[in-house]
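Welcome! Have a look at the structure below, and then we will walk through a few of its features together.

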Amino acid sequence: MSGNATVKSGWKDIPRGGYILEAGNAEQYKTGDWRSRRPVWDEKRCIHCLRCWVFCPDGSILTEAGKMTGIDYTHCKGCGICVEECPDKVQALKMVPEGEAGEA
Amino acid sequence: MGKRVALTGNEAIAFAMRQIDPDVVAAYPITPQTDIVQYFSSFVADGEVKTEFVTVESEHSAMSATLGASAAGCRAMTATSSNGLALMWEVVYITASFRLPVVMPVVNRALSAPINIHCDHSDSMGARDSGWIQLYSENAQEAYDNVIQALRIAEHADVRLPVMVCSDGFIISHSMQNLELLEDEKVKAFIGEYKSDYYLLDVDNPLTMGALDLYDFYFEHKRQQAEAMVNAKRVILDVGKEFGLLSGREYGFFEKYRLDDAEIALVVMGSTAGTAKAAVNQLREQGIRAGLLKLRVFRPFPHEELKATLSGLKAVAVMDRAESFSTLGGPLFTELRSALYGEPGAPPVVDHIYGLGGRDIGVEDIIWIYEDLQGIAEKGTLRAPVNYLGVRE
């Protein structure tokens, strides 16, 4: 199993040929640590048009009952597409350097 | 008893493929492999096999389709030569790395440029580090026998690596030879049914092949391949013995010809071994203790067995039908000498690069090598480690 588990298996204990034997395993690959900048969501400005949800290439926009509820920082790679797609008049998302963001 | 017939090397290989009846064959014709695909396609057209025959637009596609079929869970084969193998290159590595037991006859032909259709080993030797097992054949009988054994070696649970079965272009592929074919049902029983433990069409157990594999796991997967090559040594010997019980023709890593009491010996692969045997016989009549080691398995390289067999000799000559352009000789020479390095009593080893682009090699050329070896054995030193035999100065 590829990913960023803290203790990794040796060559005798992993499937041959790089096969991954579990379906839906991409969720276990925590790509959030690739990020240098993160999108920060302002709930008060958000109109829940869900353009960000449509365009996010990683499914990192969290929703509930058709409304945005936050961002999955465990998987968000910080590409910034959601910020780009958020309507100009709304600006509920902005990119912030990781060191200045604080914990979400 | 099997049936005694006269066939060309390519006919013999195509006949083995008919008996194997693979689920999928995807191939593109290239001289001198073309007959294999041509004969096999007639078996498909005549309904003698159930194979899905995929005609493709290039060798890159041939190897890709074969890989795909094998990954899906099929028994899949292809065949090629020379520049065709070169065009497959990317997928050749992927097939081995995916641990897919594809069997591919390679009819050895010189690589371009200049363009040349005749035999040398530069094509398969270039692929020596691709992770494929490589078997070399002396004649049509061995090419036929090796193709059948290759299935068992490739598909063994401790191996799961692809196999190239190499035979010399035109010399083997297009010359008519007497050989013995096994009965269809014996071949079928020997190779058995193929069922992979992991395959893409297993809808109940979905899996991913070809995922990104970076610095945290790639190295472990390469280590697994190296171990599979170690395991292949045992499996090749086991399969060779079992094939011997079936056919009367047992196979190992190499054939020793008048080698046990020899003082000087030649190490050679492919059809030249037949010519060298004639030279050995002539020299033996003159009282010269000449011997021959014909290497069948180049990958994995049987270094321990070669060391044990060659260590007591006074001098050894290697014949390389490929140039590595390292300035240190051909691939067989460098690996053999490396195997002998540090061994007390290791003989001096001299390399003769020969036969490039199909340059003919005769009994008298090989007798000259043995005479040169006698001088090396007497002096214990080499004039030059790397020589070009039969090239015009």
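## A patch and a sheet

In this predicted model, Trp53(A), Val54(A), Phe55(A) and Ile81(A) make a nonpolar surface patch of about 390 Å². Helix H1 of chain A, residues 51-55, gives the largest share of the nonpolar patch, with three residues. Val54(A) lies in this helix H1 of chain A. Is Val54(A) buried or exposed? Val54(A) is exposed, because its relative accessible area is 56% and exposed means over 50%.

Now let us turn to chain B. Here you can find an open sheet of six strands with mixed pairing, in the order S9-S11-S10-S13-S14-S15. The edge strands are S9 (254-257) and S15 (386-389) of chain B, and each of them pairs on one side only. On average, neighbouring strands of this sheet are turned by 20 degrees against each other, direction ignored.

How many bridges join S9(B) to strand S11 of chain B? There are four bridges, and the two strands run antiparallel, with S11 covering residues 290-295 of chain B. Glu255(B) has Lys294(B) in S11(B) as its bridge partner.

Two helices of chain B pack on the sheet, as the table shows.

| Helix (chain B) | Residues | Strands touched (chain B) | Angle between directions |
|---|---|---|---|
| H11 | 331-340 | S10, S11, S13, S14, S15 | about 150 degrees with S13(B) |
| H12 | 363-379 | S10, S11, S13, S14, S15 | about 130 degrees with S10(B) |

To place some of these strands in chain B, S10 spans 264-268, S13 spans 315-320 and S14 spans 349-354.

Conventions: Residues numbered from 1 in each chain as written. Chains lettered and ligands numbered in written order. Predicted model: local features only at pLDDT ≥ 70, side-chain atom pairs only at ≥ 80, totals over all residues. Heavy atoms only, no water. Patch = residues over 30% accessible without salt bridge, like charges linked within 9 Å, V, L, I, M, F, W, Y side chains within 5 Å. Areas by Shrake-Rupley, 256 points an atom, 1.4 Å probe, with all protein chains shown as cover. Salt bridge = Lys/Arg side-chain N within 4 Å of Asp/Glu carboxyl O. Buried < 20%, exposed > 50% of the residue type's maximum accessible area, 1.4 Å probe, protein only. Pairing = 2+ DSSP bridges. Axes fitted to C-alpha atoms, helices over the stretch in contact; angles between N-to-C directions. Contact = heavy atoms within 4.5 Å.
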